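This briefing is meant for a reader who is meeting the structure for the first time. Please keep the sequence and the model at hand while reading the points below.

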Amino acid sequence: MFSKVLVANRGEIAVRVMRACKELGVRTVAVYSDADKHSGHVRYADEAYNIGPARAADSYLDHEAVIEAGEKAGADAIHPGYGFLAENADFAAKVEESEMTWVGPSAAAMERLGEKTKARALMQEADVPVVPGTTEPVESADEVKRVADEYGYPVAIKAEGGGGGRGLKVVYDEAEVEEQLETAQREGEAYFDNASVYVEKYLEAPRHIEVQILADHHDNVRHLGERDCSLQRRHQKVIEEAPSPALGEDLREQIGEAARRGVDAADYTNAGTVEFLVEDGEFYFMEVNTRIQVEHTVTEQVTGIDVVKWQLRVAAGEELGFEQDDVEIEGHSMEFRINAENAANNFAPAPGGKLETYDPPGGFGVRLDDALRQGDDLVTDYDSMIAKLIVTAGDREECLARSERALEEFQIDGFHTIIPFHRLMLTDEKFRAGEHTTDYLDEELDKTR
Ligand SMILES: Nc1ncc2cc(-c3cccc4ccccc34)c(N3CC[C@@H](N)C3)nc2n1
Ligand SMILES: [Ca+2]
C-alpha cells in the first residue's frame, strides 16, 4: 500500500479520498489554488501545496503544477477525484510515466472506453445492447438521415468528446438535419477540440441507470449494482438513488451482468461506471465514465463496500477481496446534492457569501460528505456543489421519510442553497412513486417559468 497519496482535487471529493487514505494508514497531500487557501480539504490534509491562481486552467488543470507538487511531496500516487483531470488520458499517461502511480484506469483504457463510438463498438462485441445508431463518427447529413430512416425521428447527434449532455443535439425531422449536424460538429470542435459526431435513435422518456464497476489487475471485474440518476435538471444530476425503483430483479441482474461483461472485454482496471438508458423494459448502453462519480456514495451505502478504498488498493496492486456473489444490495439510499444556488431564481449560483450558519443533520442513516465548517467563505470559482446529503434506510418509503426529516434539520444561512427545492421534490407524487423520467424535471420547471 502507498505511504503517501496526493489528491488532485478540492472540496468534498478531496476530503472523501483523504478519509479513505487515513483509514488505510496513508498520509495525504492536498493541492490548492489561491482561492482555496482556507478551504476544508487543505485543513484536512497532512500537507498542502499551492499550485497556482484561482483560474482552474492555471491550477487544478495544470498537469505540470500537479505533478511537481507530487514530486516535491514525495507522493507515491495521485488520485484525481472527479472533474478536473480525472478523465484526462494525457495527464494519466504523464503520471504513469512519473515515479507516481495513477489511481484510476490506464490512459489506454480511458481512450478505449472514454471514446464513445469505440466504447459502443466494444460493447456490441461483448453482446451488450447499445442505443441503436452508428458506432463510427458520421460526416454527412445523408448518414444521419439513414439512421433516422431506419429507426425513426427523433435522433440524437452527439459529439464524440461530449458528455453530461453537452454536445447533444436532438433532431425531430429531416429538415433540421443539415443545420443540427453543422452545429454539433462546430460545438464539438469548439468545446471538446473534437469535431467527430455520431448518431443514435433518441429515446424520449428514458430512465438514466448506471452501474458501478470495480476491476483489479488480476482479471477480477465486479459490478456493485445500479444507481438511478433520472432526476436531472439541464443534464445536472440533482437526486440520485440506489437501487433503482424502475428495475425489477430480472432487468437488474441483466444490466449488472451486461456492464460487468462489457468492462471485462475492455481490459479495464479500477473504478468505472457504465451508463444505460432504460425504456419500456429494455436497456441500452450509452457511455462509460472512467472515474469515480459524485454519486458513488449511494452504492457504498447499499452494498457496504468502500469504493474509494478499493480504488487505492487496486492501484497498489491488490486483488478485489470479494466475489460477485458476495455483492448484496441492502436497503435504499438517496443522495441530495447541496448546491449553492437559488432554485427560486432559476438555480442562479450564489454570488458568494459566508457560511453564517452550518448546522447539518445527523441521526440514523444520515451521511454528510462535505469540506465545510461554519464561518467558511463560499468559494465560487469552481462548481456550485458544496456538500452531499446521503440518506439510507431499510426501503424506499422509509428513505423518503428519513430524507424529509434530515433536510428539515439542515440549517444553512449566509447564501441560498437548493435545500428548499429538495424538500419540495420530496412532496412530488411522481418522484415519490419513482415514476419520473429524465425529461420530467425540465418539463415541470419549464411550466413554472
Ligand atoms: N439516444 C439518446 N436518447 C436519449 C438520451 C437521453 C439522455 C439524457 C439522460 C439523462 C438526462 C437527460 C436530460 C435531458 C436530455 C437528455 C438526457 C442522454 N444523455 C447524454 C448525456 C447524458 N448525460 C444524458 N442521451 C440520450 N441519448
Ligand atoms: Ca457521462
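This is a predicted model: local features need pLDDT of at least 70, side-chain atom pairs count only at pLDDT 80 or more; totals for chains, interfaces and linings use all residues.

- In soluble globular proteins, nonpolar side chains tend to be buried together.
- I412 touches I338, L355, T357, Y358, I386, T417 and I419, when residues up to four places away in sequence are not counted.

**Helices with a buried face**

- In helix α5, which spans residues 107–114, the residues A107, A109, M110 and L113 are buried.
- Seen down the axis of α5, its buried residues fall within an arc of 160 degrees, and so they line one face of the helix.
- The partners against which the buried residues of α5 pack are α4 (89–97), β5 (101–102), α6 (116–125) and β13 (282–289).
- Helix α7, covering residues 141–151, has A141, V144, K145, V147 and A148 as its buried residues.
- The buried residues of α7 pack against β6 (155–163), α8 (177–192) and β8 (197–201), and just after α7, G152 takes a positive phi of about 90 degrees.

- M334 lies in strand β14 and counts as buried, with a relative accessibility of 0%.
- M334 touches E240, E241, V298, L389, I390, V391, R396, C399, L400, S403 and F431, leaving aside residues up to four places away in sequence.
- M334 and M100 are 234 residues apart in sequence, and from C-alpha to C-alpha they are 35 Å apart in space.
- N339 is likewise found in strand β14, and at 10% relative accessibility N339 counts as buried.
- The residues that N339 touches, not counting those up to four places away in sequence, are S384, M385, I386, H416, T417 and I418.

**Salt bridges**

- Side chains of opposite charge can pair when their charged atoms come close.
- E210 forms a salt bridge with R227, in which the closest N and O atoms are 2.8 Å apart.
- Because E210 lies in strand β9 (residues 207–215) and R227 in strand β10 (residues 221–233), the pair ties together parts that are 17 residues apart in sequence.
- Both E210 and R227 are buried, and they belong to a network of salt bridges that links E210, R227, K237, E240, E295 and R337.
- R55 forms a salt bridge with D58, the closest N and O atoms being 3.0 Å apart; R55 is exposed, with a relative accessible area of 55%, whereas D58 is partly exposed, with a relative accessible area of 30%.
- E398 forms a salt bridge with R402, with the closest N and O atoms 3.7 Å apart, and both residues lie in helix α12, four residues apart, which is about one turn of the helix.
- Of this pair, E398 counts as partly exposed at 36% relative accessibility, while R402 counts as buried at 13%.

**Around ligand 1**

- A polar side-chain atom of K158 lies 3.0 Å from a nitrogen atom of ligand 1.
- In the side chain of E200, an N or O atom is 2.9 Å from a nitrogen atom of ligand 1.
- For K201 a backbone N or O atom is involved, and this atom lies 2.8 Å from a nitrogen atom of ligand 1.

Notes: Residues are numbered from 1 along each chain as its sequence is written. Chains are lettered from A and ligands numbered from 1 in the order in which they are written. Side-chain values use heavy atoms; hydrogens and water are left out. Contact means heavy atoms within 4.5 Å. Buried means under 20% relative accessible area, exposed over 50%, partly exposed in between (1.4 Å probe, protein chains only). Helices (H or I, at least four residues) and strands (E, at least two) are DSSP runs, numbered from the N terminus. The arc is that of the directions from the helix axis to the C-beta atoms. A salt bridge is a side-chain nitrogen of Lys or Arg within 4 Å of a carboxyl oxygen of Asp or Glu. A polar contact is a pair of N or O atoms within 3.5 Å; within protein, one must be able to donate a hydrogen and the other to accept it, and residues adjacent in sequence count only if both atoms are side-chain atoms.
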